[in-house]
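Work through the exercises below with the sequence and the model side by side. Try each task before reading its solution.

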Amino acid sequence: MVCLHPKDAESYEEVTERYKKYYDAGIKGIFFEADNEQHYKIAKEQGLEAHRWMWIMNRGDQFIRENHPEWYAVNRKGESCFDKPPYVDYYRWVCPSRPEVVEYLKKQVEETLSKDYVDGIHLDYIRFCDVILPVNLWKNYGIVQTQELPEYDYCYCDVCKSKFKEKYQQDIDSIQYPQESLSWKKYRYDAVTNVVNQLSDIASSHNKAITAAVFPTPDVAKRIVRQDWTNWKLTAVYPMIYHGFYKENTSWIGTAVVEGVRGLDGRFPLYAGLFVPDFKDIDDARQGIKYALDNGAAGVSIFGSVSDETLEVLKEFK
C-alpha cells in the first residue's frame, strides 16, 4: 500500500498512468488522505484498492471547535487541547471517553464507507497525544522526555476521571503518581480500543476493510501513545516502523515486525510501514523491505515520495 493526497488538478491520463505503474510494481492499493471520487475510481480501474485514510482522535474540525470545545482532551496540568495544543497547533485531540465524540466519529465513518468507490477505512491518529515523542524529534521542540511530563499526559477531563472511578473505585486526583498507575493506563488503552471496535462494527456492516496506522511495536505504542493495537478488531494493521525517528538502524525494522507479529498471534496480518526519507539510499530501502518480509510481515506500506526507483525495487518483491 502507498499513502497519498489526491490532487484535484491532475488529469485523468496522468493519474491513470501513475496508478498503472503502482499496480505493475505489485502495489495492492492506496490510502487516500482525502475524498476524491475520480482518483478512487481510476485506482480501482487499474486493479488497486482505494481506501480512505482518516484522522480519528486528532481533530481540528471547525464544527467541534465552534460548538463543542468540551470534547477536547485535557492534560495533567488541567490544560485543554482546545486552546493549548501540545507540540504543534494542529494537535487538537478529542477525548475517546465521551460518547458524543464516538458518535460523531461513527457518523463520519458511516458516511465514508457508504460510498461505493471506497473499499475501506484506514485509521490514523487513533490514539492519545504522544506523552513521549520518538527520541529523534526531541531536538525539534527543545525538550528532553525521559519521563512523562504533565503537559503531554492526557486525558484528565471530568468524564475520564468519573468513568475511571466508576470502573476501578479510585479517584485519579488522589493518586500521588497517576502517570505510574497501571489501572489508569489500562483505562486509557481501553478507551481507544472501544473507539476502534465501534468503528470496526460499522466497517463490518458494509463488508469493507478497516485498518490502522499505529506505533511501531505493541510495547512502544502502549508506552508513549496508549495504543493497545494487538487487541483491536481490524482487517490488518500498519505499524509505522520509522526507524530513523527512534535513531535505530535499518535492521530494527525486522525486530519491530517480529514483536508485532508475535503480539498479534495470527489474529490479522501486519504490514510494515516504511518511511522513505529514513533510508540512506535505494539499496538501504531494499534491505528494509527484506527485513520486514523475512521477519513475518505480510507486506509493506510506503510513506513518502514513491519514485520510479522505489517502484523498481518493489517489483523485485512482487
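Two strands pair if DSSP finds at least two bridges between them. Helices (H or I, at least four residues) and strands (E, at least two) are DSSP runs, numbered from the N terminus. This is a predicted model, in which local features need pLDDT of at least 70, side-chain atom pairs count only at pLDDT 80 or more, and totals for chains, interfaces and linings use all residues. Residues are numbered from 1 along each chain as its sequence is written, and side-chain values use heavy atoms, with hydrogens and water left out.

**Exercise 1. Strands E5 and E6**

Determine how E5 and E6 run and how many bridges join them.

Solution. 
- Step 1. Strand E5 (residues 209-214) and E6 run parallel, joined by 4 bridges.
- Step 2. E5, helix H8 (residues 218-225) and E6 form a right-handed β-α-β unit. A crossover is right-handed if, with the strands pointing away from the viewer, the path from the first strand over the helix to the second runs clockwise.
- Step 3. Check both faces of E6 (residues 236-239). Ala236 and Tyr238 point one way, Val237 and Pro239 the other, and all are buried. Buried means under 20% relative accessible area, exposed over 50%, and partly exposed in between (1.4 Å probe, protein chains only).

**Exercise 2. The buried face of H8**

Find which residues of H8 are buried, and decide why they lie on the same side of H8.

Solution. 
- Step 1. List the buried residues of H8: Pro218, Val220, Ala221, Ile224 and Val225.
- Step 2. They span an arc of only 165 degrees around the axis, so they sit on the same side of H8. The arc is that of the directions from the helix axis to the C-beta atoms.
- Step 3. Recall the helix geometry. An α-helix has 3.6 residues a turn, so residues three or four places apart point the same way.
- Step 4. Find the partner. The buried residues of H8 pack against helix H9 (252-264). Contact means heavy atoms within 4.5 Å.
- Step 5. Look just past the helix end.

**Exercise 3. Strand E3 and its partners**

Which strands pair with E3, and how many of the residues of E3 are buried?

Solution. 
- Step 1. Strand E2 (residues 29-32) pairs with E3 in the parallel sense over 4 bridges. Gly29 has Glu49 as its bridge partner in E3.
- Step 2. The chain goes from E2 through helix H2 (residues 37-45) to E3, in a right-handed β-α-β crossover.
- Step 3. Strand E4 (residues 120-124) also pairs with E3 in the parallel sense, over 5 bridges. Here His51 stands opposite Gly120 in E4.
- Step 4. In E3 (residues 49-55), 5 of the 7 residues are buried, so the strand is largely enclosed by the rest of the structure.

**Exercise 4. The nonpolar cores**

Identify the residues with the most contacts inside the largest nonpolar core.

Solution. 
- Step 1. A nonpolar core is a set of buried Ala, Val, Leu, Ile, Met, Phe, Trp, Tyr and Cys residues joined through side-chain atoms within 4.5 Å.
- Step 2. The largest core has 104 residues, and Tyr19, Tyr22 and Ile126 have the most contacts inside it.
- Step 3. Helix H7 (residues 182-205) gives the largest share of this core, 8 residues.
- Step 4. A second, separate core has 7 residues, including Cys3, Phe31, Ala236 and Tyr271.
- Step 5. Return to Ile126. Beyond its neighbours within four places in sequence, its contacts include Val192, Val195, Val196, Ala212 and Trp232.
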